[in-house]
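Hello,

Here is the structure I promised to pass on to you. Please have a look at it first, and then read on for what turned up in it.

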Amino acid sequence: MNGELYRKLLTERYGPLDRLEAERFPPTVDGTAGPVTGTNEERWRRQVRDIATRYGWRLQYHTADSRRSDPGWPDEVFGHVGQRRTLFVEFKTDTGRVRPAQRVWLAHLADSGFEVAIWRPRDLPTVLQVLGPARQRATLPANFRTPAS
């Protein structure tokens with residue numbers, strides 16, 4: 001996803017961009033852009049990681065090769081020292097499924113009091129609310145404990 005499309009999506013869904021996002025995604029010359037489609041999970045994860053960095057989430061952990069790790073651990077852990085917050089995030093495409101081992105870990109972390117989220121590209125407004133100055137608490141989807149069909 002290029003910066004122009006991302007900036008347009010942010011503006012359309014979330015209103016005027018704050019200073020940090022406006023600096024990162026300057027206006028296009030002709031103002032044209034289409035809908036954001038088909039981003040893969042890794043690209044989405046990197047975009048959120050960039051947003052987190054810009055909002056002061058300096059502690060970030062991602063297992064480089066999860067194939068050698070126990071199954072289910074979330075894709076990314078973010079820490080914000082100033083806010084004393086730790087956030088566990090599983091990234092999925094808009095059509096990606098949460099595997100059973102992931103569901104167990106995410107539920108356990110949430111039940112233990114941690115902020116836990118499953119973020120898809122369509123969740124960008126929520127991502128900005130959680131990572132940005134609004135400091136909204138991350139939560140799992142309301143239907144999370146209902147097995148996926």
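The largest nonpolar core has 18 residues, and those that touch the most other members are Val-48, Phe-78, Leu-87, Trp-119 and Leu-131. A nonpolar core here is a set of buried Ala, Val, Leu, Ile, Met, Phe, Trp, Tyr and Cys residues joined through side-chain atoms within 4.5 Å. Buried means under 20% relative accessible area, exposed means over 50%, and partly exposed lies in between (1.4 Å probe, protein chains only). Two or more residues of this core come from each of H3, E3, strand E4 (115-119) and helix H5 (124-131), and H5 gives the largest share, five residues. Helices (H or I, at least four residues) and strands (E, at least two) are DSSP runs, numbered from the N terminus. There is also a second, separate core of ten residues, among them Val-77, Val-98, Ala-107 and Leu-109. As background, nonpolar side chains tend to be buried together in soluble globular proteins.

Before going further, a word on the model and its numbering. This is a predicted model, in which local features need pLDDT of at least 70 and side-chain atom pairs count only at pLDDT 80 or more, while totals for chains, interfaces and linings use all residues. Residues are numbered from 1 along each chain as its sequence is written, and side-chain values use heavy atoms, with hydrogens and water left out.

pLDDT is the predictor's confidence in each residue, from 0 to 100. The protein's average is 82, and 73% of the residues score at least 70. Contact means heavy atoms within 4.5 Å.

As for the overall layout, the protein has five helices and four strands, in the order α-α-α-β-β-β-α-β-α along the sequence. Of its 149 residues, 37% count as buried. Among contacts with a separation of 6 or more, 58% are between residues 24 or more positions apart.

Five of its five residues are buried, so E4 is largely enclosed by the rest of the structure. Glu-115, Ala-117 and Trp-119 point one way from the strand, while Val-116 and Ile-118 point the other way. E4 runs parallel to E3, and five bridges join them; two strands pair if DSSP finds at least two bridges between them. Trp-119 in E4 is the bridge partner of Phe-91.

Glu-115 and Arg-85 are 30 residues apart in sequence, with their C-alpha atoms 8.0 Å apart.

Now for the rings. Rings of Phe, Tyr and Trp (its six-membered ring) pair if their centres lie within 6.5 Å; planes under 30 degrees apart count as stacked, over 60 as edge-to-face and the rest as tilted. By this rule there are five aromatic pairs. One of them is edge-to-face, Trp-44 with Phe-91, at 6.4 Å centre to centre and 85° between the planes. Trp-44 lies in helix H3 (residues 41-54) and Phe-91 in strand E3 (residues 85-91), so the pair ties together parts that are 47 residues apart in sequence. Both Trp-44 and Phe-91 are buried.

Trp-73 and Trp-105 also pair: their ring centres are 4.9 Å apart and their planes at 85°, so this pair is edge-to-face. Trp-73 is partly exposed at 32% relative accessibility, and Trp-105 is partly exposed with a relative accessible area of 32%. Ring pairs link Trp-73, Phe-88, Trp-105 and Phe-114 into a cluster.

Finally, take a look at Leu-106 in helix H4. Leu-106 is buried, at 0% relative accessibility. Its C-alpha atom is 9.5 Å from that of Phe-144, 38 residues away along the chain.

Enjoy exploring!
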